[in-house]
Amino acid sequence: MSKTRAIAIANQKGGVGKTTTVVNLAAALSELGKAVLVIDLDPQANATSGLGLTRQPGVSLYPVLTGTADVADIIQPTPYENINIIPAEVDLAGAELEIARRGNHLEAVRAALSRVFESGVFDFILMDCPPSLGILMTSSLAAADGIVVTMQCEYYAMEGLSVITSIINQMRLNGANPNLALDGILMTMFDGRTRLAADVVAEVRSHFGDLVYNTTIPRNVKVSEAPSFGQPVVFYDPSSRGAAAYREFAREFAARYEAC
Ligand SMILES: Nc1ncnc2c1ncn2[C@@H]1O[C@H](COP(=O)(O)OP(=O)(O)OP(=O)(O)O)[C@@H](O)[C@H]1O
Ligand SMILES: [Mg+2]
């Protein structure tokens, strides 16, 4: 069985395509035969509803973090083969306080997931981070093998990336996660009609070179419609431009790890 790779999809900026990427990367990886576990770490629970599940009180990483539930009992199937999820619900917000009260809070998520890592059942764990620099986000980064940052193709897109890169460096230096790396940057919501979008992509590429994935996700109305049907666009409208882009991204994403 292959090694499980845990990837945090992160950006403390809100509305930059993190959840859309988690849900659709999971969908497209599942089509490639990969076993995926999505972990919804955002109390807004958008990844949970985007994969067709309703929020259930008590069913989130929270009770696992506090040691009152077994992770195996919290992992839920989704309507899709090869995609399982640890859902979120509003109570997850309380986990921040609970974990903060203890020492070693950066290790909380890694400890909660240790049995999942050991089981080797999943090829990829995709963690949907909330738009904040809170404890859930930082302890997810501490548990991750790598980070994918999503960036909206807009002015000021790069603002804030330095915050993530300095957190990565800090975690490496203080030993919280010595191997943590920025695996890649995915440009999302690209609007081909504007000069600005092309300029932003060019600027990000000039700073970060090959770290920027070749695939750019276009702004596509099907992508924004799909969550209201509780489906990833990859399944909701498989022939849409958004679905095609996420499939291409999944191949590029998986190939980077296979080459390692
Ligand atoms: N490629 C796209 N085309 C059109 N709409 C998109 C696209 N990607 C994301 N959206 C829409 O933009 C909004 C924000 O996307 P998303 O929820 O994925 O961002 P996020 O970074 O997870 O936000 P938050 O920080 O609040 O968790 C959503 O309404 C989503 O449907
Ligand atoms: Mg989100």
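**Aromatic cluster in the predicted model.** In this predicted model, a single aromatic cluster is formed by Phe124, Tyr213, Phe249, Phe253 and Tyr257.

**Aromatic pairs.** The count of aromatic pairs comes to eight. The ring centres of Tyr155 and Tyr156 lie 4.8 Å apart with their planes at 55°, so this pair is tilted. Tyr155 and Tyr156 are both exposed. Phe229 and Tyr236, by contrast, form a stacked pair, with 5.0 Å from centre to centre and 20° between the planes. Tyr236 has 23% relative accessibility and therefore counts as partly exposed, since buried residues must fall under 20%.

**Buried face of helix H5.** Helix H5 spans residues 92-100, and its buried residues are Leu92, Ala95 and Ile99. Viewed down the axis of H5, these buried residues fall within an arc of 25°, so they line one face of the helix. In an α-helix with 3.6 residues a turn, residues three or four places apart point the same way. The packing partners of the buried H5 residues are strand S2 (36-40) and the helices H3 (62-65), H6 (108-119) and H7 (135-143).

**Nonpolar cores and the surroundings of Leu65.** The largest nonpolar core contains 55 residues, of which Ile39, Leu61, Leu65, Ile86, Leu141 and Met187 touch the most other members. Helix H7 supplies the largest share of this core, six residues. Leu65, with its neighbours within four places in sequence left aside, is in contact with Ala95, Ile99, Arg102, Ala108, Val109, Ala112 and Leu136. A second, separate core comprises 35 residues, including Ala28, Leu51, Leu126 and Ala250.

Conventions. Residues numbered from 1 in each chain as written. Chains lettered and ligands numbered in written order. Predicted model: local features only at pLDDT ≥ 70, side-chain atom pairs only at ≥ 80, totals over all residues. Heavy atoms only, no water. Buried < 20%, exposed > 50% of the residue type's maximum accessible area, 1.4 Å probe, protein only. Helix = DSSP H or I, 4+ residues; strand = E, 2+ residues; numbered from the N terminus. Arc of directions from axis to C-beta. Contact = heavy atoms within 4.5 Å. Core = buried A, V, L, I, M, F, W, Y, C linked by side-chain atoms within 4.5 Å. Phe/Tyr/Trp six-rings, centres within 6.5 Å; stacked < 30°, edge-to-face > 60°.
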